[in-house]
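Thanks for taking a look at this one with me.

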Amino acid sequence: MSQIKIGVINVSDRASAGIYEDIPGKAVVETLKEYLVSEFETVYKVIPDEQELIAESLIYMADVENCCLIVTTGGTGPAKRDVTPEATESVCEKILPGFGELMRMESLKYVPTAILSRQTAGIRGKSLIINLPGKPKAIRQCLDAVFPAVPYCIDLIEGPYLICNQNVIKEFRPKG
């Protein structure tokens with residue numbers, strides 16, 4: 001069985017400069033540890049909101065580290081420096097708009113400003129890349145909404161077989 005690697009990138013000018021603690025990235029890792037029974041290694045980065053650096057980090061995690069899943073936090077709003085979706089779209093062969101649509105629908109249950117969020121998802125090689133917002137509570141809400149589809153998506157792109165903790169989250173795979 002191949003080693004499962006999951007990339008986590010916190011995109012934050014202030015966290016990368018040490019001004020803020022890296023809470024969003026740690027929240028993703030803790031959530032994934034709750035979700036997955038499969039053992040995995042985390043490839044982790046905290047970087048500033050720089051489109052080229054985000055793209056380079058995504059490429060590195062997908063092509064060199066062979067992460068089956070790469071999750072970003074932050075940089076998905078309308079502010080000038082929010083460029084995570086642009087970086088993601090620039091490195092993906094396929095965009096999966098349903099992820100962003102579902103995450104926004106879920107977030108709208110809690111805050112009307114969810115319509116400002118631009119998170120997306122896509123495929124690069126054998127890697128699924130998902131952009132999440134930067135707030136830990138929103139991260140969990142969005143991951144809870146989309147994660148049931150993640151293991152099957154990774155199956156379809158010939159990644160490793162992920163097994164979820166059924167007491168926490170139930171993955172969906174078609175019968176047969």
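1. What volume does the largest pocket have? About 910 Å³. Please keep in mind as you read that this is a predicted model.

2. The largest pocket is lined by 35 residues, and Gly74, Gly75, Pro133, Gly134 and Lys135 are the closest to its centre.

3. At least two lining residues of the largest pocket come from each of strand S1 (5–11), helix H1 (13–16), helix H2 (23–35) and helix H6 (136–146). H6 gives the largest share, with five residues.

4. Now for the second largest pocket, which has a volume of about 170 Å³. Its lining holds 16 residues, and those nearest the centre are Asn66, Cys67, Cys68, Lys126 and Pro160. By class, this lining has five nonpolar, six polar and five charged residues.

5. Finally, a helix pair to look at. Helix H3 (residues 51–64) and helix H4 (residues 84–91) have axes that come within 8 Å and cross at roughly 45°. H3 is therefore oblique to H4. The crossing of H3 with H4 is right-handed.

6. Which residues of H3 meet H4? They are Gln51, Ile54, Ala55, Leu58 and Ile59, and on the H4 side the partners are Thr84, Glu86, Ala87, Thr88, Ser90 and Val91. In this contact of H3 with H4, six residues are nonpolar, four are polar and one is charged.

Key: Residues are numbered from 1 along each chain as its sequence is written. This is a predicted model: local features need pLDDT of at least 70, side-chain atom pairs count only at pLDDT 80 or more; totals for chains, interfaces and linings use all residues. Side-chain values use heavy atoms; hydrogens and water are left out. On a 1 Å grid over the protein atoms alone, a cavity is a set of points where a 1.4 Å probe fits but cannot get out, and a pocket is an open set with protein on both sides within 12 Å along at least five of seven lines; lining residues have an atom within 4 Å of a point. Grid points are joined across faces, edges and corners, and a volume is the space filled by probe spheres set on the points. Helices (H or I, at least four residues) and strands (E, at least two) are DSSP runs, numbered from the N terminus. Ala, Val, Leu, Ile, Met, Phe, Trp, Tyr, Cys and Pro count as nonpolar, Asp, Glu, Lys and Arg as charged, and the others, Gly among them, as polar. Axes are lines fitted to C-alpha atoms, for helices over the stretch in contact, and angles run from 0 to 180 degrees between N-to-C directions. Angles under 35 degrees count as roughly parallel, over 145 as roughly antiparallel, 65 to 115 as roughly perpendicular and the rest as oblique. A crossing is left-handed if the near helix is turned anticlockwise from the far one by less than a right angle, and right-handed if clockwise. Contact means heavy atoms within 4.5 Å.
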